[in-house]
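Student: Hi, can we go through this one together? I'd like to start with the aromatic rings.

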Amino acid sequence: MTEQKVRWGILATGGIAATFTADLVDLPDAEVVAVASRSPEPAKAFAERFGIPRAYGDWQSLAEDEEVDVVYVATPHTAHRAAAGMMLEAGRNVLCEKPFTLNAREAGELVALARDNGRFLMEAMWMYCHPMVRRLKALIDDGAIGEVRSVQADFGLAGPFPASHRLRDPALGGGALLDLGVYPVSFTQLLLGEPSDVVARATLSEERVDLQTGALLSWDSGALASVHCSIVGGTATSASVTGSEGRIDIPYGFFFPEGFVLHRDGRDAEEFTADPADGPRNSLKHEAAEVMRALRAGETESPLVPLDGTLAVMRTLDAIRDRVGVRYPGEVR
């Protein structure tokens, strides 16, 4: 897989699948060859929309398609374990949407499947592949603000969402944390790793999913992080990283920033802005490009989105849910 195009299959036909596919077809070294859904009609409509040659009305047919190099799993996250697991067992490589699974147990099962079968597996944490986030991390790793002492990050939507909406449906893993909170938690752990302790509080709906959640994460180093997510209030979606020698502020959209400001002690503030050549700041093409780079290199996981890091994030999300009392129907932990 060094010269030819990487052949993609798309599993699911919802909004995020459409967004990803639209970005994917613009990459010259990518080819979308198949799409699957639970029934033929949405798969055929999706295939016609994007000019995809094969449409399947079931998942297994996609899993058995030997002309598919990698499958992008974009089902609701309650189905990630089953969908990604089916693809891996059939020998397909997988890029799986976030949150990676419903809980850490399911995530561990997928990682074990991928490693046992020698298949590539990556969480679609596009933030980690974003050029500006990578630049920010490189600055911090190089000591631009000294030792990281605290992180603040939030992601909230104004809503209101009716009880029938998937974000409030316990059967679909509803609530703010798994859909939105995964971003501030993942951002924090990109910089500090897995926390040693978790304290959390939440406002729960009548359906017992979290409408908003706040968590304080701590590390043995003394570092602290405050993360917040909400489906009842539109937040600034900002982040700030404070170190022993300075601070980095992302004023809006920390997971796909168009810029950030570096404050170093004793110096003027430095503004960093996105390179227009990188394309729209909300493009998903960077994660797709990383998957294809890794496949061509014969890698079974990405150094940008390592599986151990994904597992650590899932353990933190589990811990937060344990603290606030959210458990999904039929969930086994």
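Predicted model: local features only at pLDDT ≥ 70, side-chain atom pairs only at ≥ 80, totals over all residues.

Student: How many aromatic pairs does the structure hold?

Tutor: It holds 12 aromatic pairs. Rings of Phe, Tyr and Trp (its six-membered ring) pair if their centres lie within 6.5 Å; planes under 30 degrees apart are stacked, over 60 edge-to-face, the rest tilted. Trp126 and Phe256 make a tilted pair, with 5.6 Å centre to centre and 55 degrees between the planes.

Student: What does that pair tie together?

Tutor: Parts that are 130 residues apart in sequence, because Trp126 is in helix 6 and Phe256 is in the loop between strand 12 and strand 13. Helices (H or I, at least four residues) and strands (E, at least two) are DSSP runs, numbered from the N terminus.

Student: Is Trp126 buried or exposed?

Tutor: Buried, at 9% relative accessible area. Buried means under 20%, exposed over 50%, partly exposed in between (1.4 Å probe, protein chains only). Phe256 is buried too, at 13%.

Student: Which charged end sits over the ring of Phe256?

Tutor: That of Arg281, 4.2 Å from the ring centre. The rule is NZ of Lys or CZ of Arg within 6 Å of the ring centre and within 35 degrees of the ring normal.

Student: New topic. What is the strand order in the open sheet?

Tutor: The 8 strands run 8-9-10-7-11-12-13-14, with mixed pairing. Two strands pair if DSSP finds at least two bridges between them. Strands 8 and 14 are at the edges with a single partner strand each, so one side of each has no neighbour in the sheet.

Student: How many bridges join strand 7 to strand 10?

Tutor: There are 7, and the two strands run parallel. Asp154 stands opposite His228 in strand 10.

Student: Now salt bridges. How many are there?

Tutor: The structure holds 25. Each is a side-chain nitrogen of Lys or Arg within 4 Å of a carboxyl oxygen of Asp or Glu. One of them joins Arg54 and Asp65 at 2.8 Å, N to O.

Student: Is Asp65 buried or exposed?

Tutor: Buried, at 8%. Arg54 is partly exposed, at 23%.

Definitions and conventions. Residues numbered from 1 in each chain as written. Heavy atoms only, no water.
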